[in-house]
Amino acid sequence: MTQARKTLADQVRQGDRRALAKAITLAESTRDDHRQQTAELLETLIPDAGNSIRIGISGAPGVGKSTFIEVLGSHLIKLGHSVAVLAVDPSSAVTGGSILGDKTRMETLAFAEKAFVRPSPAGSTLGGVARRTRESMLLCEAAGFDIILVETVGVGQSETTVADMTDMFLLLLLPAGGDELQGIKRGIMELADLILVNKADGDQVALAARTMGDYRSAVQFLASRFDDWQTPVMSCSSINDEGIVEVWGQVDAFKKILSETGQLQQRRAEQAKAWMWSEMTESLVADLKADERIRSLVPDIESAVLAGELPATVAAQRVLNLYKDR
Ligand SMILES: Nc1nc2c(ncn2[C@@H]2O[C@H](COP(=O)(O)OP(=O)(O)OP(=O)(O)O)[C@@H](O)[C@H]2O)c(=O)[nH]1
Ligand SMILES: [Mg+2]
């Protein structure tokens, strides 16, 4: 490892924020030499990582995720924690507005000494951001942040992606009439370790209470992710800073119970293993696609599949054979 990389690792370890930002930028780069440097950096820093609780925060656009993170984060800093906020954008779509919005909505955190806010890069492609968020998480932990909050940006696959990289998954909902349960998919509710009805304030207080009741009945019929944890349903008002302390109480309880039973460690271990396989899969496919010969033959094979002349499995086999024989 080069001296420069060693210095960067040391600086990250000492909690140097500029070094941390630089390390994350390195991790987000797709350049081959940067990937290599990131690998070395992560290998050096892995013994210093892991000392945190990783919390994923999801919910429909505008539900109040950033506002919630701002108040929760500020509360945690007062308790003596240091808080890193990362954003995940697994979609390839440009979600331009959110980034600027988050910076202004997290004013306290963005300038707090014990916080680190890192929006996801705008317009990044190919789902790579989520992969790099895992690496950013490790880097933040090595820099001494003991609470990692991951906000989802964008919709679709983001819930699963975030649930797969965190210890605890918080789902934020709006106060709303119940029958369709806001169109939230069962699968997403089953991912939630804590359900929070935000914006329980003003003339929405009664509605929020009813919504909470609806979801409490609903979660009873859902499979829980852990034997010893039944997903609580709570309400809060992020703009009025109400209910936030109670939310943190539940996070603490979750961490305590699942650490004692070993389920938290087990979950992390499984996540790391799945991550390894997804890295290999993606790298292999990228390598395959970069192969000159395959690149020149793929358009014809694809056309044949599109025209229904070649079964997809046969086409795949043909490409794979080309790759193996290259
Ligand atoms: N009344 C009320 N408004 C809130 C509350 N929390 C957030 N808001 C408002 O809801 C709007 C959206 O808040 P954000 O925190 O940006 O929501 P978000 O989920 O991060 O949005 P995206 O990142 O764009 O998906 C803002 O105008 C907030 O001021 C709350 O507890 N009560
Ligand atoms: Mg936001």
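The paragraphs below walk through this predicted model, from its overall makeup to its sheet, helices, ligand shell and a few single residues.

Before we set off, a word on conventions: residues are numbered from 1 along each chain as its sequence is written, while chains are lettered from A and ligands numbered from 1 in the order in which they are written. Because the model is predicted, local features need pLDDT of at least 70 and side-chain atom pairs count only at pLDDT 80 or more, whereas totals for chains, interfaces and linings use all residues.

Let's start with the whole protein. It has 14 helices and 7 strands; helices (H or I, at least four residues) and strands (E, at least two) are DSSP runs, numbered from the N terminus. Of the 326 residues, 35% are buried. A residue is called buried if 20 or more other C-beta atoms lie within 10 Å of its own, exposed if 12 or fewer, and partly exposed in between, with C-beta atoms placed from the backbone. Among the contacts with a separation of 6 or more, 76% join residues 24 or more positions apart. Two residues are in contact if their C-beta atoms, placed from the backbone, lie within 7 Å.

Now to the sheet. It is an open sheet of 7 strands with parallel pairing, in the order β3-β2-β4-β1-β5-β6-β7. The edges belong to β3 (115–118) and β7 (233–235), each of which has a single partner strand, so one side of each is left without a neighbour in the sheet. On average, neighbouring strands are turned by 20° against each other, direction ignored. Pairing here asks that DSSP finds at least two bridges between two strands.

With 6 of its 6 residues buried, β4 is mostly covered. The cover is on both faces: I147, L149 and E151 are buried on one side, and I148, V150 and T152 on the other. On to its partners: β2 pairs with β4 in the parallel sense over 6 bridges, and V83 stands opposite I147. β1 is joined to β4 by 5 bridges, again running parallel, and here R54 stands opposite I148. Further along the sheet, 3 bridges join β6 (residues 194–197) to the parallel β7, where V197 stands opposite S235.

Helices pack on this sheet. Helix α10 (residues 205–220) touches β5, β6 and β7, and its direction makes about 170° with that of β7. Axes are lines fitted to C-alpha atoms, for helices over the stretch in contact, and angles run from 0 to 180 degrees between N-to-C directions.

Helices also meet each other. α4 packs against helix α11 (residues 244–260) at about 70°, with their axes 10 Å apart. That makes α4 roughly perpendicular to α11; angles under 35 degrees count as roughly parallel, over 145 as roughly antiparallel, 65 to 115 as roughly perpendicular and the rest as oblique. In this contact, V71, L72 and H75 of α4 meet I244, V245, V247 and W248 of α11. By class, it has 6 nonpolar, 1 polar and no charged residues. Ala, Val, Leu, Ile, Met, Phe, Trp, Tyr, Cys and Pro count as nonpolar, Asp, Glu, Lys and Arg as charged, and the others, Gly among them, as polar.

Another helix pair is α13 (residues 292–306) and α14 (residues 312–325), whose axes come within 10 Å and cross at roughly 170°. That makes α13 roughly antiparallel to α14. Residues making the contact include I294, L297 and I301 of α13 and A315, V319 and L322 of α14. The contact divides into 11 nonpolar, no polar and 2 charged residues.

What surrounds ligand 1? Its shell has 18 residues, the closest being P61, G64, K65, S66 and T67; a residue is near a molecule or strand if its C-beta atom, placed from the backbone, lies within 6 Å of it. α4 (65–78) and α5 (96–105) each supply at least two residues of the shell. By class, the shell divides into 3 nonpolar, 11 polar and 4 charged residues.

Finally, some single residues. K199, in the loop between β6 and α10, has a positive phi of about 65° although it is not a glycine. K199 is buried, with 26 other C-beta atoms within 10 Å. D241, in the loop between β7 and α11, also has a positive phi, near 55°, but D241 is partly exposed, with 15 other C-beta atoms within 10 Å.
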